[in-house]
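The following exercises are to be worked with the sequence and the coordinates at hand. Each task is followed by a stepwise solution.

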Amino acid sequence: MTDLIARPYWYLRHGETDWNAQGRSQGRTDIPLNQTGIRQAEAAGLLLAKHWHDHAPIVRIVSSPLIRARRTAEIVADQMAANGAPRLEIALDDGLKEVCFGDEEGKPMGTWYDSWIAGDYTPLNGESFADLRERAVSAVNRALEKDGVPLIVCHGAMFRALRSAMHLKPNVRLPNATPMWAEPGPTPVWNLTALS
């Protein structure tokens, strides 16, 4: 099992989509942001620009290529640049794509989710939580290997996998477009700070 490189990073889940609002499982289905999601991404970019020096400044943005994450990253980069931060380029990493939920995609989130995180269930044609964790850690490590602090723009299940790698309770929902500062602590347990 791959470990996260012990370097801090920013994490941002994409803005809201219609399927988020309806409580449907998205997975790899490429659903765009809705108007609420666009406003959330704008607000996240403004927050990150205002708190540019509170932790460590972001030097690059690495995003999932799925449209809801990529569009969030673009809006955030624009908002940050319009509010005093440098204009950051966006790199895409296929390893940051959301988990494949297979036959559960498009359906309401169900009671299977806890069993999936525990490793007791994988949706038909889907990806196991262990495989997702390995992929998520490898992708974030690629971003952490370069100098400076990255902003990872990604997905909800991906963050649950990263929480597991940070020795935190994994099944905690991250609200849409809430910037999260992730920092290794003196023990294997990482510290998370949400901007609001």
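**Exercise 1. Backbone angles**

In which loop is Asn-125 found?

*Solution.* The model is a predicted one.

Step 1. Asn-125 is located in the loop that connects α4 (112-118) and α5 (129-144).

Step 2. Its phi is positive, about 65°, although Asn-125 is not a glycine. As background, most residues other than glycine have a negative phi.

Step 3. Exposed means over 50% relative accessible area. Asn-125 has a value of 58%, and therefore counts as exposed.

Step 4. Ala-177 belongs to the loop between α6 (156-165) and β5 (180-183). Its phi is likewise positive, near 55°, in a residue other than glycine.

Step 5. Buried means under 20%. With a relative accessible area of 10%, Ala-177 is therefore buried.

**Exercise 2. The annotated binding site**

Which residues does the UniProt annotation "binding site" cover?

*Solution.* 

Step 1. The unreviewed UniProt entry lists Arg-13, His-14, Gly-15, Glu-16, Thr-17, Asp-18, Trp-19, Asn-20 and Arg-68 under this annotation. From this set, Arg-13, His-14, Trp-19, Asn-20 and Arg-68 belong to the lining of the largest pocket.

Step 2. Arg-13 is part of strand β1 (residues 9-13). Its relative accessible area is 9%, so Arg-13 is buried.

Step 3. Beyond its neighbours within four places in sequence, Arg-13 contacts several residues, among them Asn-20, Thr-72, Cys-154, Leu-174 and Ala-177. A polar atom of the Arg-13 side chain lies 2.7 Å from the backbone oxygen of Leu-174.

Step 4. Gly-15 sits in the loop between β1 and α1 (18-22). With a relative accessibility of 0%, Gly-15 is buried.

Step 5. When residues up to four places away in sequence are not counted, the contacts of Gly-15 include Asn-20, Leu-33, Gly-37, Gln-40 and Thr-72. Asn-176 and Ala-177 are also among them.

**Exercise 3. Cysteines**

How many disulfides does the count give?

*Solution.* 

Step 1. A disulfide requires a pair of cysteine sulfur atoms within 2.5 Å.

Step 2. The cysteine sulfur closest to that of Cys-100 is in Cys-154, 15 Å away, which is too far for a bond. Cys-154 is accordingly in no disulfide.

Step 3. The count comes to 0 disulfides.

Step 4. The two residues may also be described by accessibility. Cys-100 is partly exposed, at 21%, whereas Cys-154 is buried, at 0%.

**Exercise 4. Helix α2**

Which residues of α2 are buried, and against which elements do they pack?

*Solution.* 

Step 1. Helix α2 (residues 35-50) has 16 residues, so at 1.5 Å a residue it should span 22 Å. The C-alpha atoms at its ends are 23 Å apart, which agrees.

Step 2. The buried residues of α2 are Gly-37, Ala-41, Ala-44, Gly-45, Leu-47, Leu-48 and Ala-49.

Step 3. For the spacing of such positions, recall that an α-helix has 3.6 residues a turn, so residues three or four places apart point the same way.

Step 4. The packing partners of the buried residues of α2 are β1, β2 (58-63), α3 (67-82) and β4 (149-154).

Step 5. The N-terminal end of α2 is capped by Asn-34, of which a side-chain oxygen lies 3.1 Å from the backbone nitrogen of Thr-36.

Definitions and conventions
Residues are numbered from 1 along each chain as its sequence is written. This is a predicted model: local features need pLDDT of at least 70, side-chain atom pairs count only at pLDDT 80 or more; totals for chains, interfaces and linings use all residues. Side-chain values use heavy atoms; hydrogens and water are left out. UniProt positions are given in the numbering used here, feature names are shortened, and annotations may be inferred rather than shown by experiment. On a 1 Å grid over the protein atoms alone, a cavity is a set of points where a 1.4 Å probe fits but cannot get out, and a pocket is an open set with protein on both sides within 12 Å along at least five of seven lines; lining residues have an atom within 4 Å of a point. Helices (H or I, at least four residues) and strands (E, at least two) are DSSP runs, numbered from the N terminus. Buried means under 20% relative accessible area, exposed over 50%, partly exposed in between (1.4 Å probe, protein chains only). Contact means heavy atoms within 4.5 Å. A polar contact is a pair of N or O atoms within 3.5 Å; within protein, one must be able to donate a hydrogen and the other to accept it, and residues adjacent in sequence count only if both atoms are side-chain atoms. The expected span of a helix is 1.5 Å times one less than its number of residues.
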